[in-house]
Amino acid sequence: MLEAAEVRVLLVDDDEDEYVIVGDLLWAASKEGYHLTWAPTYEQGLETIRATAYDVCLVDYRLGQRSGLDLLADVTARPNHPQVILLTGDGDRDVDVIATQAGAADYLVKGEMTAALLERSIRYAVERGRALKALRDASELAQSLNLAKSAFVAAMSHEIRTPMNAILGMSDMLWESGLDPEQREYVDVLRRAGAGLLSLINDILDLSKIEAGRLELEHVEFDLEEVVDQAIELTAVKARAKGIGLLAHLPAGVPTWLLGDPTRLRQILINLLGNAVKFTASGEVVFRARNNESDKSGQIEFAVSDTGIGMSPDTLEKVFDDFTQANASTARQYGGTGLGLGISRRLVEAMGGTLTAASSEGEGSTFRFVAQFDEAPESSRTARASPRNFHGNRVLLMSDNAASSLILQEMLQGFGLESDAYRSPADALARLLALTANEQPYSLAVIDVSLPGTDAFVVAAEIRRIARSLPTKSLPTVLLDSNAGLADGARKVDAGLSGYALKPVARSRFLRLVSAAMGEEKPQQCPAGNLDQRVPLAVKPARILVVDDSQNNRLLFQAYLRTSQYQLTFEEDGESAVDRFAASDFDLILMDMEMPGMNGLAATRAIRALERERGAPLTPIIAVSADVSAEDIERTGHAGCTAYLTKPVSKLNLLRAIEKHRREQQSVEPISPREKGVRQAR
């Protein structure tokens, strides 16, 4: 017998005798346990269910011209619906299966019903309803908690990223100013700490997206070689600072024009390479890519190996757990949150692969994963720069590192160059001296500075001396160096170098270096310094409205653009921005999205409405936001924004966005020094 409160039962049956029979059975089962209501038609039954809450609904399979299955479908379509038990006059088991699949809790044959059988069926239906309700409630609670967590993370992202925009931006501006060595050291600490905090924020946001099921992968065309080069370049600075080797091997047979998510792939590679460098004190870190052994096209295996501290079997088991590191001392010594590998594992799984690790304590580690991509159509592939007139030329290569030597030889072979590799400079120089007139001469020499106990500049000078006695009278020499501190300009001139590059050297950079050394193209100089200085961007005069409620961010944008020919006008909120736009003419608007009062979305809509009223052309509006979600980017697009910048915004990215999207004017009055960038909010 049910121990709960009185169970409310509705019988929908066109036979009044059946109402009496069911009532007697329920009375026999429990005199006080049930309250029975009767509805003789389909329509009355549906109306009664809509008007009153019932625990169980007994529905006759045949309701005049209607079917009980129709009523079952109508009832179960309602939220928090009563459980339905289908009644029939015969024992057709096909109806039983159909009813159960349609959502019925049970199926009873009228002629076989007893008080005990009916009570058992109702008890099961009630318990089933309670269990389903508990499941729905738990699911709704989980969804609401997920939404609350996502909202909290988004709010925290805005609250942290907005000041981070000013901290990192002003740090970069300080770095570019005239500082003494001690001041530069202090600013460098500030920049590195800010970058570390930003990385942590990004990891937490990614983890939140993944747990909420909101992570979406792109499916766009990209160049794998470019993605690998970017990941290597970003990791190389730390590797050079620690004095460890960093090698990248992308064989010629691996497809490089792919369809997939380059941003997330780059994130995985940077994380794995960064961890390898972090936990390696000496030796090297090697990245390798190859076609997976399966026959599936576009399936590529990536591996990152190091000679670092390695892991014990116990640590290896939990290395992909969130917020987990080997032990407390590891966290104190090396830093980090233990989030990166867990996020990388989830990203790899989203790409259809699995991230695995193999390691021995004190002997290094190897992280490996396979990702599935589609190959980009032949028609959409961008042609790479290819060497000319290299066929038949030979290169003298000196490197004591077997892996590095193999990678360089493969790249040279890809350029159409044959090469002879020597681990010992003495052997290479002896071979150069022993060249006979009948032998093919060398057209280029490549020296790896990691050669132990050898001054590479001395070797280069000796090559220059020997080459004067050869029929060719000269031998262009390229030096590959892993230590930026050795790049002494005077020594390079004295050694007669034709080219110089920091390792690891990307294929495209190595090709330009080789081509320039062999007289195929002019070398491209890349001065040291801040990234924004290395990539100067020509700008033309433009009138720009900057809308941001943060005084720090307004000052930062003014500092970023003070040397440009941009005329800046500042407003602190959306309403003032709309009024200013209505009274002025601008070539571009930088619009913060999160402002009190009228926010950036509302201000953008208002500006677009003004343009429609006037029949005026659209003014480019770049959204500036601390929210990095796809939903936020989509909302800005629907509101009418032209482009999107995520805080913190670098000077280079800001200049590129302005020059890409600004509206061209027939003429813009030259800006005097007194009014350049100083129009402030009213």
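This is a predicted model: local features need pLDDT of at least 70, side-chain atom pairs count only at pLDDT 80 or more; totals for chains, interfaces and linings use all residues.
View 1. Lys503 and Pro504 are joined by a cis peptide bond with an omega of about -5 degrees. The bond from Lys647 to Pro648 is also cis, and its omega is near -5 degrees. Look for Pro648 in the loop between strand S25 (643-646) and helix H22 (651-661). Helices (H or I, at least four residues) and strands (E, at least two) are DSSP runs, numbered from the N terminus.

**View 2. The largest nonpolar core.** A nonpolar core is a set of buried Ala, Val, Leu, Ile, Met, Phe, Trp, Tyr and Cys residues joined through side-chain atoms within 4.5 Å. Buried means under 20% relative accessible area, exposed over 50%, and partly exposed in between (1.4 Å probe, protein chains only). The largest core has 40 residues, and Leu224, Leu265, Leu269, Phe287, Phe302 and Phe369 touch the most other members. At least two residues each come from helix H7 (224-242), helix H8 (262-278), strand S11 (284-291), strand S12 (299-306), helix H11 (340-350) and strand S14 (364-372). Apart from this core lies another, of 24 residues, including Phe390, Val395, Leu397 and Ala403.

**View 3. The surroundings of Phe287.** Which residues does Phe287 touch, not counting residues up to four places away in sequence? They are Val228, Ile232, Leu247, Ala248, His249, Leu269, Leu273, Phe302, Ala303 and Val304. Contact here means heavy atoms within 4.5 Å.

**View 4. Leu341 and its contacts.** Leu341 is found in helix H11 and counts as buried, at 10% relative accessibility. Leaving aside neighbours within four places in sequence, Leu341 is in contact with Asn271, Leu272, Asn275, Val319, Phe320, Leu355 and Phe367. Leu341 and Asn275 are 66 residues apart in sequence, yet 8.9 Å apart in space, C-alpha to C-alpha.

**View 5. Aromatic pairs.** Rings of Phe, Tyr and Trp (its six-membered ring) pair if their centres lie within 6.5 Å; planes under 30 degrees apart count as stacked, over 60 as edge-to-face and the rest as tilted. By this rule there are six aromatic pairs. Phe302 and Phe373 make an edge-to-face pair, 6.5 Å centre to centre with 85 degrees between the planes. Phe302 lies in strand S12 and Phe373 in the loop between S14 and strand S15 (374-375), so the pair ties together parts that are 71 residues apart in sequence. Phe302 is buried at 1% relative accessibility, and Phe373 is buried at 3%. Phe415 and Phe510 form a tilted pair, 5.9 Å centre to centre with 50 degrees between the planes. This pair links distant parts of the chain, 95 residues apart: Phe415 is in the loop between helix H12 (402-414) and strand S17 (418-422), and Phe510 is in helix H16 (residues 507-517). Both Phe415 and Phe510 are buried. One aromatic cluster is formed by Phe222, Phe287, Phe302, Phe369 and Phe373.

**View 6. Helix H13 against helix H14.** The axes of H13 (residues 425-433) and H14 (residues 456-467) come within 10 Å and cross at roughly 10 degrees. Axes are lines fitted to C-alpha atoms, for helices over the stretch in contact, and angles run from 0 to 180 degrees between N-to-C directions. That makes H13 roughly parallel to H14; angles under 35 degrees count as roughly parallel, over 145 as roughly antiparallel, 65 to 115 as roughly perpendicular and the rest as oblique. Pro425, Leu429, Leu432 and Leu433 of H13 meet Val459, Glu462, Ile463 and Ile466 of H14.

**View 7. Asn80, a non-glycine residue with positive phi.** The phi of Asn80 is about 55 degrees. Asn80 lies in the loop between helix H3 (68-76) and strand S6 (83-88) and counts as exposed, at 57% relative accessibility.

Terms used:
Residues are numbered from 1 along each chain as its sequence is written. Side-chain values use heavy atoms; hydrogens and water are left out.
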